[in-house]
Amino acid sequence: MIRSMGLFKHDIVIIGGGGAGLRAAIAVAEVDPNLDIAVVSKVYPMRSHTVAAEGGMAGVVKENDSFENHIYDTISGSDWLADQDAVEAFVKEAPGELIQLEHWGCPWSRRPDGKIAVRPFGGMKIARTWYAADKTGFHVLHALFQTSLKYDNIRRYDEWFAVELLEDDGRCQGVVAIEQRSGEIHGIAGKAVIVCTGGGGQVFQFTTNASIKTGDGMALAYRAGVALKDMEFVQYHPTGLPGTGILITEATRGEGGVLVNKNGRRYLQDYDLGEPLELTDPEHPQTRTMELGPRDRLSQAFVREEQDGNTLLGPHGTYVHLDIRHLGEKLIDARLPFVRELTINYAGVDPVNELIPVRPVVHYMMGGIDTDIEAATSMPGLYAAGECACVSINGANRLGSNSLTELLVFGKRAGRNAAEFSLKHDISDNGVLESQVKVVEDRIATLLNNENGGEERIAGIRDDMRTTMEAGAGIYRHEQSLRETCDRLVQLRDRYAGVKLDDTSRKHNTELRAALELDFLLEVAQSVAFSALARKESRGSHQRTDYPARNDDEYLKHSLAYHADGEPRIEYKDVVITGWPPADRVYGS
Amino acid sequence: MANTVVLEVFRYDPDTQVARMQDFEVEYQDDWVVLDALNHIKDQIDGSLSHRWSCRMGVCGSCGMVVNGYPKLTCSAFIRDYLPGPIRVEPLANFEVERDLIVDFDMFLEKLQKVTPWLVRDEERPIEDGEHIQTPAQLAQYKQYTFCINCMLCYSACPVVSHEPDFLGPAALALGHRYNLDSRDQGKGLRLDEMLSSDGIWDCTFVGACSDVCPKHVDPAGAIQQAKVSGTMEYFKSFLMPTGSRK
Amino acid sequence: MSKSSRQALGARWWLMRRSYFLVFLRELTSIFIASYLVILLLLLAKVGGDAGSYESFRESLTFPGMLVFGVITLAFTLFHSITFINLIPRGMAIWRGEERVHPALIAGPGYVGLVVVVAIVLVAILR
């Protein structure tokens, strides 16, 4: 029998060791070297999915750019659902964060004069995306991880799986986690807690996301009573490889790559994204035009092309072509070497002289744990940052290269605010937290003993959920498809109660972990589907064929999904508008 | 008629401390990698098989294992290259096995910490002063050594790691070298103390297997030999110019 | 935490792959070269001694066994030289702008140097 050996106590507990989590940890460590910080991650930090980001990180540093430009690009990109005070703060803090990362050793690509190089990116008027070849996320994560090793007061719990938040006195006070190596269950208590666990792309069948993106932190906060905001807004990245869903960065288009359909036509010109320039035109690629339009519009264009029969058909479904041949081998090897490696290995294609097969795949969740501009949730002591959080700066559609910046800006805000909170509060001393650990122990023991008497395999339920979401809550949605999806998810939740494990041991029980992740995934899936059903308009990445127009009168609001028995309760709150009154999104002019 | 291949998979039970090989017959698709087969086994045949994986695109470094005797990232090891099989899958060599295909990774993190793997500055540059200037040529000098994904295939291939467990090893030493070569860094002295120690670069006999297996072409063997040359020069410099501090 | 099982490469690691075996041979060359050096040193020592002992030592060097040893040592020495020269560029990063100088441009002079030195030695001995 596994017993809790008492709580591990820290000042700050951070769940998740990716870009946001590590940035938050460093921020706390720099506020006060006497603060004791725990970073609890189900994988070793350098495995976090930040590592797979490719294209770059946006921030205003060049003379030809301005905060106003970046703010407008982000707000219009969000289809006016972003909170404008948050966007203003984000844009203004971005440059300092990028420079800080450079000071921490990140190997940014450079101009000949030795200053930082920037590239154009989708939906942005001015080129402002800092990049490290096309492995920006990899370099950012390793720079942050290696920098975090400097601080003695950051204590890592590597391969500890968070199962439930600890709560007492109306405050979040830590997390119950399983040490995967031993299977022991412990409470890791903190005076403040920051959730940085990333998104939940694995609820869908085809995704760029790694297997670990199971929305754990979103579900943890959700079950603790915090709302998940704007969950219906799921971003399909326009260029993923068919089948595997492996990401082919937007940077391919930033450098001038183009999308062509079955007939060799640059079809985006038919979708209000402007006029194509000749590939040899020095103005190509034009910002906020054609292939540098926002991701939601590009993914939607693909679906319409598919409906018109203009897409190609392969063993993994329909696709179009991404053409970067005209960029030349030298530029590809200098700025897109990882893309070349990926397409050769996983698509059997050398992009220097062949076309890359691509299609939209789920990539990012704009929605997440409801936080304010200070990264604080409605639960005192609980903060959130990164993809798992929704401030919101991304609204209904995120611009590429804003997300990596978001990790730093809000990771730091969360760290600083959590540190301040921790100085004014203490961990409960009344045995309540210990008893919560015991409840989790009992729950896990029940799962491991297969006491529910069921016969369901995890993979069966999981695959069912993913195909259901892909079919019913994809790029284009409809009352009927969403209803069916919601009903099916409720059934899957019932089936989950009958899950049977082959592995009933404790040490490194990865099947138990998969079962717990599936539990979290089902929560996230329900919040997405029910929020989508409730929003009867089309905005950004949420497109309803039965409500095709944007409806600011009723829906210039964030959705808030609250955990309840059966199905989530959906409420709304207003979007914060400061200097940019709602207008039409215009691209291609 | 479905295509099937046999996987011979290493199993280790930490409770009984018993190791064995277990055969699985797996129906596969033409573009599958070994990782797909392992996941299939776990999902459909035996849920107790434990292995690490995440990104499935060769950048997170989680899925390193020994496939038919050679260290590989199983997400980049295509089944078609191993046909007709059987395909033997074992955990990385030279690491303690914790369970099945999962090894103790902490050994590497302890070694990494020793090479001071962060940018060291005498004085921090103020944020208002913007970025350090670093030309493309300066970046090129250390860029290759930044590619390490910490997958540990190199440690699995290195006979010195096998026989000298305290040897810092290819990846840690290559990362130390990466920072030494970074024009912004001022911490060479700190690092060389550890890198020139008895567990450092001098344990390396330039077998070169680490570079052979590295999926990211970091060439840690080259990094270590370069460190030997520059380390030796630093050593002699400190004799000839004893008043100059080692930077 | 329970005891776990470490899969070490083992004492026969050098038999596991062709590349390992070649490295092992490369390291083995040192034994032959060192032995040959010992013989040379003995020869030098004998030169300083009496004529009879020198003569008998020099004659022993013409025995078939010694000739075989000499040929094997020559082969190993050449193998060592080639592998060493080929590996020099890995340990020397010479840059021209953003590109590293091609390894052949570093190994090439190495071979030239080898040939020159051998030529000088041969000329000195055979004269």
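1. Let's start with a term: two strands pair if DSSP finds at least two bridges between them. Helices (H or I, at least four residues) and strands (E, at least two) are DSSP runs, numbered from the N terminus. With that in hand, look for the open sheet of 3 strands in the order 7(B)-6(B)-1(C), where the pairing is antiparallel.

2. Before going on, some ground rules. This is a predicted model, where local features need pLDDT of at least 70 and side-chain atom pairs count only at pLDDT 80 or more, while totals for chains, interfaces and linings use all residues. Residues are numbered from 1 along each chain as its sequence is written, chains are lettered from A and ligands numbered from 1 in the order in which they are written, and side-chain values use heavy atoms, with hydrogens and water left out.

3. Strand 6 (residues 96-99) of chain B joins strand 1 of chain C through 2 bridges, in the antiparallel sense.

4. Strand 1 (residues 4-13) runs antiparallel to strand 2 of chain B, with 10 bridges joining them; B:Leu7, for instance, has B:Phe24 as its bridge partner.

5. Now the meeting of chains A and B. Contact (heavy atoms within 4.5 Å) takes in 64 residues from chain A and 65 residues from chain B. The buried area (accessible area, 1.4 Å probe, that two parts lose on being put together, summed over both) is about 5200 Å², with carbon and sulfur atoms giving 51%. In chain A, A:Arg47, A:His103 and A:Gln146 lose the most area to chain B, together 14% of what that side buries.

6. Finally, charges. Between chain A and chain B there are 9 salt bridges, each a side-chain nitrogen of Lys or Arg within 4 Å of a carboxyl oxygen of Asp or Glu. One of them links A:Arg181 and B:Glu98, whose closest N and O atoms are 2.6 Å apart.
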